[in-house]
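User: I am new to reading protein models, and I would like to learn how to look at one feature after another. Could you take me through this one slowly?

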Amino acid sequence: MAKKRIWNFTFILGIFCSLSAFSNNLYTDSIRAENTYNSGINFFRNSNYQAAIDSFLISAQIREKIYTQKSYEFGVVQNALGITYKNLGNLDKSIEYFLNAEEAYLFNLNENELALARLYNNIGNTYKSKLNFITALEYSQRAVTIFLKDQNSDIQNIADVYYTIADIYFRLKNYQEALKIIDKYSENSYADTKLLYLSLTAAIYQELNQYDKTLFSYKMAIDYAENYYSSNDPNIVFEYLNFADFLIKSNNLTEAKNELNKAKNILNKNNISEGLALSFFNKTQGFLNENIIVETKNIEDFRQQKSLNLLEAVNYYKKGLEALGTDPERLLNVSATIENTASLTQSLELLKLIADTYTQISDIYANTTHIKRKESIEQALEYYEFTANLIQQARKEIYSDESKIQLNELEEETFAKIVQTAYNALTIEPNPQILEFAFTNAERMKASSVFDKLSAQLASENSLVPDSLTELERTLNFQITNQNENLYNLRNAETPDNEEINMADSTLFQLKKERDELIQFLETNYSDYFELKYADATITTKQVQQKLKSNEVAIEYVLNETDSVPELYAFFISKEKISFHKIDIDSSFIKNVEETFRFMSNPGYLFTRSDNTKEFSIAAFNLYTKLIEPFSNQIQNKKITIIPDGKLNYLPFDALLTEMPDTTETIKFNLLPYLIKRNSINYAYSANLLYKFNNPQRKAKNRLLAFAPKYNSDTVVFENEKLILTQLPGVQREVDLIASEIKVNLFRNENATEENFRKYSHNYDILHLAMHAFINDSLPAFSRFAFAQNNDNEPQKDGWLNTADIYNLDINARLTVLSACNTGSGNLRKGEGVMSLARGFLYAGCPTIVMTLWEVEDNAGTKIMSSFYQNLKKGRSTDEALRLAKLNYLENANPRMAHPHYWLGYVSIGNSIPLFRSYDYYFFGLLILAFAGIITDQFIRLKKARKKRMN
């Protein structure tokens, strides 16, 4: 027994010693983890980021061993790694570590939810650096929601996050929203954040051209910085340089030099040889050189001195890139990319400045044969090419449609400059590659978010991605759409419930995160999907030419309104010819576009005065002389496909007048020389969408599905306004007439429900919607069709089908006819196009759409649609069927009913191939059968005659 007790004692003592050793090791590891973490912080503060990363990685390894990857302590060091990689410019790595931190924080959410809020703000800042502004805004707004919910959060933390949001609004050019945030939170922020607020305020007033407020704000920012930091602190450099930039733009170059010298002295004293501050200094110094005034009356002396100043500016801009860790000469390699730059946004700005400055040098030698003209414009194009590729690279890393659209909007001016510079280069020397470069970048300005979406769908269909993951993405998209609509309704309720709004916002945030993570997973783990999705599939002018028939031409426009004088360019492509033109226009051209559209779409068309008609006639003829007449010899008896740009998206080219009518006489609408009388006109959002994603093969087994609801004067709320859904008696006659021509599955009156459309729409070749439609210009995704109203609260059954819903439909139709009001109108987004309801069906994969540009008159619409389907059934192409329907209406209408408002609102966009076999096809088929019968009969007769003779 004694021995047993001794053994037990020894055993216990052994366990105690083991535990004690483990405890000592744990204590030692904890100390080491903390020390290496603190070392990393010190390295980070001294801008020694690589050493900081090494320390943080050691700390992370130890903490993972002690606490596991789901511990809060492990999350802290992952967050530190994310911040450090962001400062190094490795944004993808930064996001990777931030997401690790998020996983740990969410697992320990009850311990410190505010850490999650700060992390989300860090993630928001990183997405902002990746030019993904909408996702950045979502993360920062989520951080604000968490801070506001927690009673222990202080106002300074909230003000910090709101600075990020204000800065994003500034970059999105939403200056008023940014100023509201500054007014509310600037005074309550931490000292260093307050300086950022002051600088941002000055920058906003500068963009708003408010000189006095800008000057006052910059001086306030400098005074504050000089009082807060030591006199030689590098942080002050940014304030001096911001102010110098403003002074240069105000032509106060002497004072600007003084501010630059202050910044230079601080950089020298701190031995700063790289980084954002030095890059910013070089950019500002280059900008100063660019704006130095050359005082001479001798034109050759001016050219020589000015070009030397501009070349010096270029050198400074290149030094700015080098300070960010980028070799500007290496970039001219076509396959080069910018990686680990200290600032992607700053790099992009410097690249644009280099290209712009080379363009200025070329302009100095305009109308000369000087070698510098050719050399400088070639160098401009080289840098523009890399700039464009860099923007496209940023697009690849953005999954949100809204973020893509926003990036297009912000960079539209860049692509317009590329087209302009390419045209100037071609005036020096013809070069097919430069023309192709211009066309490629013109295409990048047109509906590229839709192109990306359809590319992703095609990649998914033709890769090894499992159906289950494809279905999961579809489900997430559907849930996001429903949650978006739910949140929209909650925010627009008469008495909004903040708690419900926050819950819905949180759910939406998580759903978007899940979708983005799924897409990232697909791109990482399915290489064939990634390669197909991001293949350089941009169509070339030669490919367009090959796809055109001998009786077809395509005209693609680029309308640049960013400069004080608008510019118009056009690419003309036929089977025989490819050409690139600059069309001389001025501000009157834009007025003519606006006047023509206003006249045709005016709801007061019944009260049109003679003066209005004459103004329309003049404007429509002037537009013809600019837009079509330059190609008049090449378009005779040809179908024209128009790819518009900017405000031209609102213009029905059918209405242009090929001759100037006699305005001294009473103008009769039905006798006017409209372009539609000479040519059939079709439209496309872009050449890429028209020729890459227009599968003409019939996939649906049924022919036509039509919806014509009957409204019981239902009162609905749309954009906080009560509306009455009035009866549309014409639509019932319309669908009856269509049914008499084509076999149709018709849902009318109370059966014309959203639920039935969702249920059956995937199985029909033609979809026809004859109903009310409402456009939401502020939130285009919530423009909607009004099906039969049944007061159901479920989003899929509530009677409203919005644009975002349509995006997620599985549509196999080759044609969708939107015989509702304004289905082709909407808010115009620069670099993307009109955000219309029709666009939703294109997004869902339908290659051809007939839509309306304004509120079509009921009876006229019925006649045109009936005639359209008659022509369609005869085997006419969509555009020709619509053209003949319009001409038939015009021919039979009295002068008053021939007003363009009645019949010009319908347009055909997309693939226009015939959907029915032509009657000629059947006639020739019968003729061949008859001929075959005659031959067979003659053969039998001859055989019988031969047999008789033999007998």
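Analyst: Let us begin with a loop residue: Ala447 is found in the loop between helix 18 (432-443) and helix 19 (448-461). Helices here are DSSP runs of H or I with at least four residues, strands are runs of E with at least two, and both are numbered from the N terminus. This is a predicted model, in which local features need pLDDT of at least 70 and side-chain atom pairs count only at pLDDT 80 or more, while totals for chains, interfaces and linings use all residues. Residues are numbered from 1 along each chain as its sequence is written, and side-chain values use heavy atoms, with hydrogens and water left out.

User: What is the phi of Ala447, and is Ala447 buried or exposed?

Analyst: Most residues other than glycine have a negative phi. Ala447, although not a glycine, has a positive phi of about 50°. With a relative accessibility of 1%, Ala447 counts as buried, where buried means under 20% relative accessible area, exposed means over 50%, and partly exposed lies in between (1.4 Å probe, protein chains only). Asn251 is another non-glycine residue with a positive phi, of about 60°, and it sits in the loop between helix 11 (235-249) and helix 12. Asn251 counts as exposed, because its relative accessibility is 60%.

User: How do I read the packing of helix 12 and helix 13?

Analyst: Two packed helices are described by the angle between their axes and the distance between the axes. Helix 12 (residues 253-269) packs with helix 13 at an angle of about 155°, and their axes are 11 Å apart; the axes are lines fitted to C-alpha atoms, for helices over the stretch in contact, and angles run from 0 to 180 degrees between N-to-C directions. Helix 12 is therefore roughly antiparallel to helix 13, given that angles over 145 degrees count as roughly antiparallel, under 35 as roughly parallel, 65 to 115 as roughly perpendicular and the rest as oblique. The crossing of these two helices, helix 12 and helix 13, is left-handed, a word used if the near helix is turned anticlockwise from the far one by less than a right angle, with right-handed used if clockwise.

User: At what angle do helix 6 and helix 7 pack?

Analyst: Helix 6 (residues 133-149) and helix 7 pack at about 160°, with axes 9 Å apart. That angle makes helix 6 roughly antiparallel to helix 7, and the crossing of helix 6 and helix 7 is left-handed.

User: How many aromatic pairs does the structure hold, and how should I read one?

Analyst: There are 45 aromatic pairs in the structure. Rings of Phe, Tyr and Trp (its six-membered ring) pair if their centres lie within 6.5 Å, and planes under 30 degrees apart count as stacked, over 60 as edge-to-face and the rest as tilted. The rings of Tyr162 and Tyr185 are stacked, because their centres are 4.2 Å apart and their planes are at 15°. Tyr162 lies in helix 7 (residues 155-171) and Tyr185 in helix 8 (residues 175-185), so the pair ties together parts that are 23 residues apart in sequence. Tyr162 is buried at 16% relative accessibility, and Tyr185 is buried at 8%. By contrast, the rings of Tyr569 and Phe580 are tilted, because their centres are 6.0 Å apart and their planes are at 40°. Tyr569, Phe580, Tyr423, Phe439 and Phe571 form one aromatic cluster.
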